[in-house]
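Good morning, everyone, and thank you for making the time. Please have the sequence and the model open while I talk, and follow along residue by residue.

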Amino acid sequence: MTTPLLHGLPPIIDDGARVLILGNMPSVMSLGAQAYYANPRNAFWRITGDIFGFDALAPYEGRVAALTGHGVAVWDVLRSCRRVGSLDSAVEPDSMVANDFGQLFERHPQITRVFFNGAAAEKNFNRLVRVTPDLRYRRLPSTSPAQTMRYADKLAAWCEAITARQ
């Protein structure tokens with residue numbers, strides 16, 4: 001039996017985007033909800049809420065507006081893949097298709113910094129994406145509940161990176 005092909009979500013982005021946060025591929029829960037980081041155990045919304053001063057439990061549309069209002073865009077490296085479950089390690093390598101970053105960076109030239117939400121996003125971006133605009137790239141600790149780093153340490157790393165002057 002063939003694993004079903006999963007398709008990612010459209011980016012959270014507007015014309016004010018200066019920073020892009022990239023995950024690898026939405027979880028099963030996120031795909032079902034059609035919302036980024038829908039797993040309540042994922043620390044993404046809590047971390048970004050703490051950094052930008054919004055309620056991590058607010059309705060999804062409000063959280064999205066808070067991020068875009070701070071010049072932050074969110075997307076994933078993979079447009080589609082085959083995977084059982086939600087773990088990045090379960091993605092079938094030969095099934096990975098990357099999103100069109102050439103088009104994204106062309107449409108949003110004001111993006112100057114890209115943060116990878118974990119090692120898989122960075123690894124797959126470097127392997128699959130052939131775009132090399134003059135941007136600053138940095139991997140951050142994954143917000144996934146599978147990443148067992150203490151919340152305070154994750155928050156400190158994210159805060160230092162995102163609030164740093166260019």
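What should helix α6 (residues 151-163) span at 1.5 Å a residue, and how far apart are its end C-alpha atoms? The 13 residues of this helix should span 18 Å, and the end C-alpha atoms are 18 Å apart, which agrees; the expected span is taken as 1.5 Å times one less than the number of residues. Helices here are DSSP runs of H or I with at least four residues, strands are runs of E with at least two, and both are numbered from the N terminus.

Before I go on, a word about what we are looking at. This is a predicted model, in which local features need pLDDT of at least 70 and side-chain atom pairs count only at pLDDT 80 or more, while totals for chains, interfaces and linings use all residues. Residues are numbered from 1 along each chain as its sequence is written, and side-chain values use heavy atoms, with hydrogens and water left out.

Let me stay with α6 for a moment. Its buried residues are Y151, K154, W158, A161 and I162, where buried means under 20% relative accessible area, exposed means over 50%, and partly exposed lies in between, using a 1.4 Å probe and protein chains only. Looking down the axis of α6, we find these buried residues within an arc of 110°, so they line one face of the helix; the arc is that of the directions from the helix axis to the C-beta atoms. Among the elements that cover them are β2 (19-23), α2, β6 (113-117) and β7 (136-140).

The buried residues of α5 are A121, N124 and F125, and, seen down the axis, they fall within an arc of 105°, so they line one face of the helix. That buried set packs against β2, α4 (101-107), β6 and β7, whereas the face turned away from the buried side carries the exposed residues K123 and N126. Not counting residues up to four places away in sequence, R127 touches P93 and M96, contact meaning heavy atoms within 4.5 Å.

Five bridges join β2 to β3 in a parallel arrangement, and V19 stands opposite V72 in β3.

There is also an open sheet of three strands, in the order β1-β4-β5, with antiparallel pairing. Its edge strands are β1 (5-7) and β5, each of which pairs on one side only. Three bridges join β1 to β4, and L5 stands opposite R82 in β4.

What about R83: is this residue buried or exposed? With a relative accessibility of 4%, R83 counts as buried. It is found in the loop between β4 (78-82) and β5 (97-98), and its side chain reaches the backbone oxygen of P26 at 2.7 Å.

Finally, the core. Of the 50 residues in the largest nonpolar core, L20, L22 and F101 touch the most other members; such a core is a set of buried Ala, Val, Leu, Ile, Met, Phe, Trp, Tyr and Cys residues joined through side-chain atoms within 4.5 Å. The largest share of this core, five residues, comes from helix α2 (residues 44-52). Leaving aside neighbours within four places in sequence, F101 is in contact with several residues, including L20, L22, W75 and F125.

Definitions and conventions: A polar contact is a pair of N or O atoms within 3.5 Å; within protein, one must be able to donate a hydrogen and the other to accept it, and residues adjacent in sequence count only if both atoms are side-chain atoms. Two strands pair if DSSP finds at least two bridges between them.
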